[in-house]
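Welcome, and thanks for taking a look at this one with me. Here are a few numbered notes to read alongside the structure.

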Amino acid sequence: MSNMKTVFKIYKEIQSLEKKVLPSVAVQSIVSSLKPFINILFTAKIINLLSEGKGFKTVMIYITIAVAINFLLFFLGSFLDEYSQNLRSLLLNKENKRVASKLFKTEYQKLENSKFKELIHKHEEAEKSRWSRFPYFVWTTYRFLNGLFTLIISVIIIFPLLKVGFTRTGDTFFEKPIFLITVIIAILAMAVIILLVAVNINKSYLKANESYAEIDRVFYAFLDIFGDYRTGKEIRIYKEQNLIDSIATSKILTDGEKTLRKISMHTAKASSFVAILGAVVGFGVYLFIGIKGLLGLFNIGSLVLYCGSFMQIINGIMMMANTFGKLQEIIPLAKCYFEILDTKDDMEYGKRELDLADKFEIEFKNVSFKYPNAEIYSLKNINIKISNGENLAVVGRNGSGKTTFIKLLCRLYDVTDGEILINGINIKDYTRESIIKLYSVVFQDFKIFSTTLAQNISADESYDSEKLFASLDKANIKDRVLNMEHKENTYLYKDLDKSGVEISGGEAQKLALARALYKDAPIVILDEPTAALDPIAEHEIYSRFNSFVENKTAIYISHRLSSCAFCDNIAVFDGGNLVQHGTHNQLLSDTNGKYYELWNVQAQYYICG
């Protein structure tokens with residue numbers, strides 16, 4: 001019952017995504033089902049005409065009609081095949097778009113959740129390793145309807161034969177109605193067996209495919225490496241071709257071949273059994289029809305008609321049975337899709353709006369935090385106030401909790417214990433839009449997209465040109481942009497435009513900084529803002545930093561303590577704890593403090609260099 005609900009849910013979703021695809025498949029199935037019966041019906045009719053001694057002209061009329069109908073069905077079938085395939089491709093794009101739209105709106109903490117990431121991975125793998133998702137279901141529907149219509153047409157054609165079958169004409173078993181009943185029972189039994197075999201084949205396929213999925217993932221990972229020009233330099237300089245080829249050969253060709261051979265052997269055995277079973281039943285059908293024909297209960301043309309129609313019954317049953325077997329594969333994949341769409345955000349927002357013209361004071365009050373499913377706290381009992389217009393540096397070793405501190409500040413996560421206050425009011429009481437407008441952030445793992453430079457900075461298709469170039473100037477990359485052929489309308493990278501410009505890591509970081517400045521939010525947060533810059537560029541950025549954030553609150557993370565000296569205050573994190581807080585001189589005067597230790601370690605390297 002649960003599976004049937006999922007099937008109806010799939011149909012409803014497909015209809016909402018692409019309204020034309022299911023009707024087109026229904027018409028395609030009818031046309032495909034009619035094709036074999038046209039030849040069967042006209043062959044039977046022509047044989048009867050010949051046996052009745054009809055003239056050449058009469059026979060040619062029927063032959064011409066048969067050829068014309070076949071041509072029409074062939075043309076219509078080819079058109080519908082192509083049309084349905086295009087609709088299935090469109091359906092896949094719309095399915096991907098719906099998932100992407102959901103992911104865009106999903107709260108950040110869900111995207112970092114390992115279970116949710118696994119769900120997304122399964123949905124993506126479904127397209128790679130199993131052709132595609134809803135389009136596959138549509139194709140399966142076509143096969144089911146094809147089988148169903150074939151069965152219905154066959155039953156209608158052979159219906160008169162049932163009357164003949166129950167006509168007693170002799171004393172032998174083959175002449176009695178019990179033989180027809182035996183044939184019908186055999187066909188029904190064969191249908192059940194084919195259904196069970198089809199389900200078993202698909203269960204075995206899915207089980208084997210799970211082990212192959214990892215191999216398949218490796219294959220596509222290598223395919224991405226081979227096709228990405230960014231990896232070409234390392235592969236050639238370090239001669240990694242042999243290593244990659246070795247891994248690919250052992251993982252894909254060897255293990256993959258074993259798995260595929262196992263799947264193929266199991267499928268071949270089951271298919272052979274079904275073929276033998278079908279041959280036995282077919283022999284019984286031919287025997288029954290042949291005996292009734294010899295007894296003169298119908299003419300030669302009807303013999304051809306009934307034989308062909310009976311075999312189409314078997315064909316229709318096999319198509320329908322295989323469809324039910326495919327559901328074992330489709331339904332779990334569809335459930336992944338619906339689970340993604342049905343995922344609810346855990347965060348709740350209030351109705352308070354922030355006036356960006358106001359002054360802002362932010363306070364962490366007894367804040368502790370641990371990531372979902374984690375046992376260890378990433379931050380423990382943090383208490384700190386950030387005053388309006390303050391320049392705060394956040395320092396500490398890797399893994400000390402600095403980036404987690406920023407994520408909580410931006411409300412990408414909610415605190416586990418304690419509270420974060422903005423102007424004395426819990427951050428949860430403000431609207432989502434208010435929080436977004438409050439911050440301009442350059443994260444350590446920032447992303448520059450393969451769109452135009454202007455779109456990257458403005459995060460929109462339209463932009464304020466004067467504001468854009470002012471931001472580029474502050475980030476010290478204006479001259480570089482002006483030297484580009486299309487200036488701010490230059491595409492970055494070559495993913496969307498073959499004439500796109502490749503930029504260095506330092507240039508990308510400057511553009512990310514320009515994007516943060518363009519947003520012009522009251523609070524600027526920079527996570528390792530100069531990590532990819534050379535010392536001269538770093539000095540230029542920091543020497544002008546105060547003018548960038550004039551009248552703004554600035555919070556930034558840095559491993560280079562020499563760049564923290566100009567800040568109003570420095571927060572030192574260690575092992576998830578805020579261990580020190582004060583000015584550069586205050587912290588440096590504490591010779592037993594963590595800041596003094598970090599400062600002297602770095603100073604030692606500067607001297608050695």
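Which residues of β8 are buried on one side, and which on the other?

1. Before answering, a word on the source: this is a predicted model, where local features need pLDDT of at least 70, side-chain atom pairs count only at pLDDT 80 or more, and totals for chains, interfaces and linings use all residues. Residues are numbered from 1 along each chain as its sequence is written, and side-chain values use heavy atoms, with hydrogens and water left out.

2. Now the answer: Thr553, Ile555 and Ile557 are buried on one side of β8, and Ala554 and Tyr556 on the other, so both faces are covered. Here buried means under 20% relative accessible area, exposed over 50%, and partly exposed in between (1.4 Å probe, protein chains only). Strand β8 covers residues 553-557, and because five of its five residues are buried, the strand is largely enclosed by the rest of the structure. Strands, like helices, are DSSP runs numbered from the N terminus (helices H or I, at least four residues; strands E, at least two).

3. Next, the partners of β8. Strand β7 (residues 523-527) runs parallel to β8 and is joined to it by five bridges; Val524 stands opposite Ala554. Strand β3 (residues 391-395) also pairs with β8 in the parallel sense, over four bridges, and there Ala393 has Tyr556 as its bridge partner. Two strands count as paired if DSSP finds at least two bridges between them.

4. There is also an open sheet to find: four strands in the order β2-β1-β4-β5, with antiparallel pairing. Its edge strands, β2 (379-386) and β5 (425-426), each pair on one side only. β4 (residues 417-422) is joined to β5 by two bridges, and Ile422 stands opposite Ile425. Helix α11 lies across β1 (362-369), β2 and β4, at about 120° to β1. That angle is between N-to-C directions, on a scale from 0 to 180 degrees, with axes fitted to C-alpha atoms, for helices over the stretch in contact.

5. Please look at the largest pocket too, which holds about 1,600 Å³ of space. Its lining has 39 residues, and Tyr108, Leu412, Ile436, Val441 and Phe443 lie nearest its centre. Helix α16 gives the most to this lining, with five residues. The lining divides into 21 nonpolar, seven polar and 11 charged residues. On a 1 Å grid over the protein atoms alone, a pocket is an open set of points with protein on both sides within 12 Å along at least five of seven lines, while a cavity is a set where a 1.4 Å probe fits but cannot get out; lining residues have an atom within 4 Å of a point.

6. As for cavities, the structure holds one of 30 Å³ or more. The largest cavity has a volume of about 60 Å³ and is lined by 11 residues, with Arg133, Phe134, Ile330, Leu333 and Ala334 nearest its centre. Helix α10 gives the most to this lining, with four residues.

7. Finally, is Thr141 buried or exposed? Thr141, in helix α6, is buried, with a relative accessible area of 7%. Leaving aside neighbours within four places in sequence, Thr141 is in contact (heavy atoms within 4.5 Å) with Tyr11 and Val25.

Methods. Points joined across faces, edges and corners; volume = space filled by probe spheres on them. Nonpolar A, V, L, I, M, F, W, Y, C, P; charged D, E, K, R; others polar.
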